[in-house]
Amino acid sequence: MPKTTLALRPHSFASSIRLSRFVWIAIALSALSCPYVAMGQNPTTPQAATPAEAGLANNSPAPTESPSETAITSENGEIQSPENSLPPSAESSDADEPSWMQKIDSTFGKYVVANAANVIFYDFGTKDRFGVSIPFVVVWLLCGGIFLTLRMGFINLRAFRHAIDLTRGIYDTPNEPGEVTHFQALAAALSATVGLGNIAGVAIAIGTGGPGATVWIILVGFLGMTAKFTECTLGQLYRVTDEDGHVLGGPMRYLRYGLKDIGLPGLGRVLAVVFALLCIGASFGGGNAFQVGQSLEAIRGDVDILQSQPWIYGVVMAVAVGVVIIGGIRSIAAVAGKIVPFMCVAYVIAALYILVINASEVPAAAVKIVSEAFSLQAGWGAFLGILVIGIKRAVFSNEAGVGSAAIAHSAAKTDEPVSEGIVALLEPFIDTVVVCTITALVVVVTGVYEAPEMQEVIANNEGARLTLEAFVVGGHDWFRYVLFAAVVMFAYSTCISWSYYGERSWVQLFGVRSSIIYKCLFLCFTVLGSIITRGNILDFSDLMILGMSFPNLLGVFLLSGVVKRQLDSYWKKYQNGEFPRMK
C-alpha cells in the first residue's frame, strides 16, 4: 500500500535512460531509412504519393465525405489524404519548386505521421468488416472509462458537490505538502485541456461526423471524470519532491513505483519510459504545434502580414511561452489561474448570447444532435463512424485516460491524495460536458457546418475558422474579436501547461540538468506550429496524445484496487465529518 506522503526516493533512471536513448535512435533510424516498411509497403516497388506530397501536387478543394468515411481528418483512423492541406501562404506558384515550408510539412507527414499512425491507429481489419475503421485506441479508451466508473462506484456523480467545495478551499489547511493550491492545480490542468480542442476540435467533429458526434463527446466526458479522478489520485500517491522543492509526479512515477509495489517492477519500468516518450511527443504536437496552428488559422485572415509570413505568429507565441515556462509550475499555475477563468467566462457568455437570440432554434438543434447520434438511417458504418469521431475528439479535448493532468495535480498542496483526485474530476465536466456542448450547440444552431462555403474549411480541418463563422453568423460581426482573443489565449495557456507535462517527463528520463534542452525544443515546435499544415498537426496530435493512453490506462487498471481502497477510506472519513472545514 503506498503512503500518502512519500519521502524523496532516489530516482536514478540509468537503465531507463539507456532504454529511452535506444528507442529514440531506433525510431530515428527506422524513419529515415525505411519509412515505407513501417507502412506495410515494399520499398522496392513504386509508391503512391504521401499525403503531404499529394498536397504539393494537387491543391484543388477536397470533396466532402460522409460521416463513415472521414479520411480528411483521420477520424476513421487512417492516414489523411487531403488535396488541400497546405495553408494559403505556403502555396507555391511553381508546382515543381515547393517552398521551404512545404518541404518541412512534406517531410513531417512522410517520415513521422505516416509511420506512427499505422501503429497507434491499427484497426484489426474493422474497415473491411464494418465499413469504417475503428482504431483499437478508441475501444481502449471507451472501455477504460466504463470500467473505472463502475469500479469507483460512480464517484464522478456522488463526489461532484464535494469537488466544488475542495476547489473553493473550504478544506484547505496551512502547511500541506505541495507547490500549488487545489484551485491553481485545477486551473493549470484546465488550461491544458480547455483550448482549441473545445473550439476547433468540436467543430471538426461536427463538420466531419455530423451533429450526432456531440452526444458521444458528452458521454465520454462523463466517463472521463472517473478516469481523471483515478489517475490524479495515483499522481498524488506516488509523487516525490526533489532537493529544490519541485514536485515530480504523474504516470512516470506511478507506473514505475506503483506497479513495483504490486510485484510488477519490469512492466512498470517499461510503461514509465514509453509514457514519458509519448508525453514528450504529445507536448510538442497536441499541446503546442496544434494549438499554434489552429489559433493562427483563426486570425490570419484579419492580419495581413500573417498571410505571407505566418512564422511571425509562431515566433511571437514562442517568446510569450518562453517567458512563463522558465518559472516552472508556480509561474504556469499563476498565469493559468488568471487566464483560464476569464477567457472561459468571456467565451461562454458570448456563446450563450448566441443561443439566447436563437432560442427558437435550440430545441430543434438538440433533437437533431440526439437523433443523429443513434440513427442507423445512413447505415451501421455511418453510426460507428460518428461514434469514433466523438470519442476521439472528446479525449483530445479533455485528455481523460491519457494521464497528462496527473502531472499537474501531483503538485497540489494536500496530504490526502484522494481529495485531489476528486478535484480533478471537475475537469472533464467543465471542459467537455459544458464548454464542448455549448460550442456544439452554437455550430449546429447557426448551421454553418452545412454551408457550402464552409466545406473547404472543414476539409482542411480548420475547426477554429468554422466556429468563428458560427459566432459571426449567430451573433455580431464584432464577436470575431471575442473568439480571436479566446483562441489565442486558450492556445497560449495550453502551450504553457503542456510544456510542464513534457518537461517533467523529460526530467524523469534525462535528469534535471537537461531541462533547458527540452524547453528549447518545445519553443522550436511552437514556431513550427505556424508552418506545418493543419492536417499533419492534427494527425500527429492524435497519435501522441491518444498513444499515451496505452501505458497509462494499463497501469491505472492494474492499480485501480489501490485507488479503490484509498477512496473507501477517504469517503468514510468524509461522511463521518472528520475533515475540518476552514471556511
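Biologist: At what angle do helix α12 and helix α22 pack, and how far apart are their axes?

Modeller: The model is predicted, and what follows was computed from it. Two packed helices are described by the angle between their axes and the distance between the axes. Helix α12 covers residues 265–299 and helix α22 covers residues 463–474; they pack at an angle of about 40°, and their axes are 7 Å apart. Angles under 35 degrees count as roughly parallel, and those from 65 to 115 as roughly perpendicular, so α12 is oblique to α22. The crossing of α12 past α22 is right-handed.

On the α12 side, the contact is made by Gln294, Glu297 and Ala298. On the α22 side, Gly463, Ala464, Arg465 and Leu468 take part. Sorted by class, this contact of α12 with α22 has three nonpolar residues, two polar ones and two charged ones.

A pair of aromatic rings is described by the distance of the centres and the angle of the planes. For Phe284 and Phe525, the ring centres are 4.5 Å apart and the planes stand at 5°, so this pair is stacked. Phe284 and Phe525 are both buried.

A pair elsewhere has another geometry. The rings of Trp498 and Tyr501 have centres 5.1 Å apart and planes at 75°; planes over 60 degrees apart count as edge-to-face, so that is the class of this pair. Trp498 and Tyr501 are three residues apart in helix α23 (residues 479–510), which means that about one helical turn separates them. Trp498 is buried, as is Tyr501.

Ring pairs also build a cluster, which takes in Tyr122, Phe124, Phe136, Trp140, Phe147, Phe550 and Phe557.

As for the setting, the protein has 26 helices and two strands. It has 583 residues, of which 61% count as buried. Among contacts between residues at least 6 apart in sequence, 84% join residues at least 24 apart.

Conventions:
Residues numbered from 1 in each chain as written. Predicted model: local features only at pLDDT ≥ 70, side-chain atom pairs only at ≥ 80, totals over all residues. Heavy atoms only, no water. Axes fitted to C-alpha atoms, helices over the stretch in contact; angles between N-to-C directions. Helix = DSSP H or I, 4+ residues; strand = E, 2+ residues; numbered from the N terminus. Parallel < 35°, antiparallel > 145°, perpendicular 65-115°, else oblique. Left-handed = near helix turned anticlockwise from the far one by under 90°. Contact = heavy atoms within 4.5 Å. Nonpolar A, V, L, I, M, F, W, Y, C, P; charged D, E, K, R; others polar. Phe/Tyr/Trp six-rings, centres within 6.5 Å; stacked < 30°, edge-to-face > 60°. Buried < 20%, exposed > 50% of the residue type's maximum accessible area, 1.4 Å probe, protein only.
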